[in-house]
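Subject: Structure handover

Hello,

Here is the structure I promised to pass on. Please open it alongside this note. My findings follow below.

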Amino acid sequence: HIPSMTSLERKEGNIYGDQKEPQYAILTYTWGRWETKSGTAIEIKGTTWKIPAVKEEHFSVSNFRRVIYQMRQDVEYAWIDIACIDQENTAVKMEEIGRQVAIFNKAHRVYVWLNRMETQNLQSCLDDIFRAGPELRDKEGSSARSDIHKLLHLIAEALQKIFKDPWFSSLWSK
């Protein structure tokens with residue numbers, strides 16, 4: 001529950017707190033490789049497990065919190081692995097990981113946090129892709145191969161920049 005930053009256990013009938021099957025968003029991000037024993041972890045009420053801390057150079061608790069609060073523009077509930085999956089019980093963790101497809105499929109919205117890419121850089125890459133796409137379509141069947149090559153190169157460069165974010169090197173993105 002985003003407003004209270006509380007992890008609510010799912011009860012029979014998909015009831016969370018006093019809500020039956022509330023709309024929720026998902027946050028997918030990378031953290032496992034940057035987990036640290038010494039550091040500050042985000043506070044999530046209602047968990048029975050220790051929330052893992054992440055090295056600050058990967059992302060800070062305040063950045064993490066800000067991203068979660070941003071999700072509240074759409075919904076009051078979020079599915080975030082560290083707050084929804086017991087991080088200390090391997091059997092429960094594996095069972096919940098097995099449910100990921102259904103969890104993602106039922107989400108109102110999925111947010112991908114590319115936390116190593118500045119917003120303006122991401123926007124610039126997306127602008128290049130969205131601008132080049134229609135131009136490429138307009139040149140279809142054209143003999144101007146150099147124009148087509150330039151547009152394809154522009155798209156490829158933009159995608160390469162985006163794909164450098166660690167999220168794309170995670171197990172789920174292969």
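Where is the place of Met5? Met5 sits in the segment before strand 1 (15-16). Bear in mind that this is a predicted model.

Start with the backbone there. Most residues other than glycine have a negative phi. Met5 is not a glycine, yet its phi is positive, about 50°. Its relative accessibility is 9%, under the 20% cut-off, so Met5 counts as buried.

Asn14 also lies in the segment before strand 1. Its phi is positive too, near 55°, and Asn14 is a residue other than glycine. Asn14 is partly exposed, because its relative accessible area is 27%.

Next, helix 1. This helix spans residues 61-71, and its buried residues are Val61, Phe64, Ile68 and Met71. They cover an arc of only 80° around the axis, so they lie on the same side of helix 1. An α-helix has 3.6 residues a turn, so residues three or four places apart point the same way.

What do the buried residues of helix 1 pack against? Their partners are strand 3 (24-28), strand 6 (77-79), helix 2 (81-84) and strand 7 (109-112).

Last, Ser60. This residue lies in the loop between strand 5 (53-54) and helix 1. Ser60 counts as buried because its relative accessibility is 12%. Its side chain makes a polar contact with the side chain of Ser62, at 3.1 Å. A polar atom of the Ser60 side chain also lies 3.1 Å from the backbone nitrogen of Asn63.

Best wishes

Definitions and conventions:
Residues are numbered from 1 along each chain as its sequence is written. This is a predicted model: local features need pLDDT of at least 70, side-chain atom pairs count only at pLDDT 80 or more; totals for chains, interfaces and linings use all residues. Side-chain values use heavy atoms; hydrogens and water are left out. Buried means under 20% relative accessible area, exposed over 50%, partly exposed in between (1.4 Å probe, protein chains only). Helices (H or I, at least four residues) and strands (E, at least two) are DSSP runs, numbered from the N terminus. The arc is that of the directions from the helix axis to the C-beta atoms. Contact means heavy atoms within 4.5 Å. A polar contact is a pair of N or O atoms within 3.5 Å; within protein, one must be able to donate a hydrogen and the other to accept it, and residues adjacent in sequence count only if both atoms are side-chain atoms.
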